[in-house]
Amino acid sequence: MTQRNPVFLANLIRNWCDNKPDLDVLTFVSIDEDGRFVHKVRTYQQLWDNGQRLANWLRDQGMKRGDAFAMVMLNHSEFVELMIASSVLGTVFVPIDPRMRGDKLKFMLDFAECKGAIAADGALPQVQAAWQNSPDKWLATLELEGGYSNLASVLESDKPQPELTVQSDDPDAPMQLLYTSGTTGDPKAILSSHSRYAIAGILQNLLGLTDEDRPYTGLSLTHANAQIASLGMILHSGMRGVISLKFTKSRIWDITREYGCTFFNLLGGMTTALYAEPAREDDRDNPVKTILSAGMPAEIWTEFSSRFGVQLIEFYGAAEGGLAFNHAGVGPVGSCGKVVPSMQVAILDEKGNPVGPGVAGEICFREADGSCPKLSYFKNPDATAKKLADGWLHMGDIGHMDENGWLFFHHRIGGGIRKNGQFISPAFTEKALAEIESVSDVFVYGHAVTPDLAPGEVDIVAAIVPVDADKFDVQKVFASCQRKLDASSVPDFIQIVKAIPKTASEKPQERFLKDAFAREPENVFSASK
């Protein structure tokens with residue numbers, strides 16, 4: 001039996017077809033208009049066969065080795081099958097959140113030099129608008145829409161197709177152009193290689209999961225976390241995974257119960273959003289054993305674990321690299337872990353010098369042998385050089401390590417909340433607000449609003465999504481915070497919003513909240529207003 005190099009996704013799937021072709025490795029879940037679950041199953045053999053069909057179709061669109069195309073869609077089965085097809089042809093796929101609009105979408109499509117795009121989930125008109133003056137670009141949809149080619153007809157066709165040989169053969173060649181979150185401006189595009197994706201192969205053992213575990217994710221496959229820590233781990237290990245069309249905090253526990261999921265990931269504000277859901281008698285009645293979390297606030301860590309009856313593994317990392325884990329019951333609550341054996345971590349000051357235990361600085365990583373990690377931003381050598389300055393991968397985050405080597409994250413560089421001469425932890429304020437029954441979601445950020453603030457200081461703004469906006473009592477919320485929090489942690493302003501704007505990786509986007517703060521003063525309240 002031929003063992004093909006599993007570093008390449010297409011080879012990995014083909015190898016599994018020799019071993020377990022009929023394993024229902026992926027179940028894709030959506031929710032219909034009546035709130036019922038609808039699912040679609042894919043075996044390894046189906047993934048391979050559909051990947052081959054789509055590879056033939058992409059070739060018919062003129063796609064050649066090294067060419068790029070965009071996938072502007074939610075977590076459909078076709079997303080994964082297009083990844084496999086791209087691996088067969090040696091092309092480069094560019095995943096884009098279908099919520100992208102206007103100039104930013106056009107930038108992402110054109111900067112990546114996409115030859116074409118598959119658009120779904122309402123994204124077709126936006127892609128059409130972005131490329132209205134680009135007749136050389138091809139467009140396709142998942143279902144028949146607007147007269148464009150649709151993948152449903154490709155996958156349902158009985159027309160014989162030749163089995164294409166896998167063209168990908170360089171582990172360091174780009175598998176995809178993976179955009180960063182772009183929380184502060186235009187995102188950068190990471191040239192993410194086949195070998196980078198293949199690190200998913202170590203995660204099952206690293207996380208202590210077995211073949212009997214069933215992972216779940218509702219995180220966007222346009223982001224590295226869902227692609228590697230969920231999808232990649234599932235495909236490499238042969239576990240039976242579940243992927244929902246998109247993240248839904250109100251149904252996540254129902255999904256895990258329905259499909260027997262034992263593991264899932266949470267990022268950033270998702271933890272607070274779940275914690276803010278009204279407590280239910282059946283919160284602990286779920287099959288989940290472990291949650292892998294990035295950014296679980298220490299202030300809710302123990303209560304979250306107890307309420308839902310789960311163990312928490314905290315981790316730290318980014319699409320560019322760097323990785324640390326704090327396994328359940330091993331490290332101190334609040335720490336994002338110790339660096340994995342293949343890497344070194346250091347906290348560096350502004351001059352690039354290491355600092356001692358307990359001293360804050362920038363979190364940086366390099367390889368265990370002291371060499372600089374491999375990273376390249378597409379068409380941006382200056383950003384690449386800055387990211388890898390002095391042989392370290394600079395994460396752009398402030399943190400510290402304790403005397404035992406446990407890493408603690410503080411905030412993004414430039415993102416700390418300083419008030420009354422001290423740094424304020426927004427997690428305390430978010431916890432107090434999340435525990436209020438009338439609050440559905442919350443994000444606390446710093447914004448210089450009040451005149452004559454001391455240099456570097458900001459006001460505390462709590463952006464709140466009410467459960468019922470018509471019955472929401474802002475002054476009661478202020479009063480609750482004043483009872484629970486020290487004076488410096490009480491919000492100066494409460495900003496009512498319909499939803500917290502978030503990236504595909506569920507990171508709240510402050511800049512949109514700040515824009516709304518100025519644009520919609522009628523939705524901003526102080527304790528006296």
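## Asn 265 and its surroundings

The side chains of Asn 265 and Asn 225 are joined by a polar contact of 2.9 Å, a polar contact being a pair of N or O atoms within 3.5 Å, where within protein one must be able to donate a hydrogen and the other to accept it, and where residues adjacent in sequence count only if both atoms are side-chain atoms. The model is predicted, so local features need pLDDT of at least 70 and side-chain atom pairs count only at pLDDT 80 or more, while totals for chains, interfaces and linings use all residues. Residues are numbered from 1 along each chain as its sequence is written, and side-chain values use heavy atoms, with hydrogens and water left out.

Asn 265 is found in strand β12, which spans residues 263-267; strands (E, at least two residues) and helices (H or I, at least four) are DSSP runs numbered from the N terminus. With a relative accessibility of 3%, Asn 265 counts as buried, since buried means under 20% relative accessible area, exposed means over 50%, and partly exposed lies in between, for a 1.4 Å probe and protein chains only. Leaving aside residues up to four places away in sequence, Asn 265 touches Tyr 216, Leu 219, Asn 225, Ala 229, Ser 230, Met 270 and Leu 292, where contact means heavy atoms within 4.5 Å.

## Helix α14 and its packing on α11

Helix α14 (residues 426-434) packs against helix α11 (residues 269-276) at an angle of about 25°, with the axes 9 Å apart; the axes are lines fitted to C-alpha atoms, for helices over the stretch in contact, and angles run from 0 to 180 degrees between N-to-C directions. The two helices α11 and α14 are therefore roughly parallel to each other, a term that applies to angles under 35 degrees. The contact is made by Thr 272, Tyr 275 and Ala 276 of α11 together with Glu 430, Lys 431 and Ala 434 of α14, and these residues divide into three nonpolar, one polar and two charged. In this division Ala, Val, Leu, Ile, Met, Phe, Trp, Tyr, Cys and Pro count as nonpolar, Asp, Glu, Lys and Arg as charged, and the others, Gly among them, as polar.

Seven of the nine residues of α14 are buried, so this helix is largely enclosed by the rest of the structure. The buried residues are Ala 427, Thr 429, Glu 430, Lys 431, Ala 432, Leu 433 and Ala 434, and what covers them includes α11, α12 (298-308), β23 (439-447), β24 (459-466) and α15 (474-484).

## Ile 424 in strand β22

Ile 424 has its place in strand β22, residues 422-424, and at 8% relative accessibility counts as buried. Although Ile 424 and Asp 486 are 62 residues apart along the chain, their C-alpha atoms are separated by 10 Å. Apart from residues up to four places away in sequence, Ile 424 touches Ile 417, Lys 419, Ile 460, Ser 488 and Ser 489.

## Two residues with positive phi

Most residues other than glycine have a negative phi. Glu 113, in the loop between α4 (102-111) and β5 (114-119), has a positive phi near 60° and is partly exposed, with a relative accessible area of 44%. Asp 121, which lies in the loop between β5 and α5 (124-130), likewise has a positive phi near 60°, and at 33% relative accessibility Asp 121 counts as partly exposed.

Definitions and conventions
Parallel < 35°, antiparallel > 145°, perpendicular 65-115°, else oblique.
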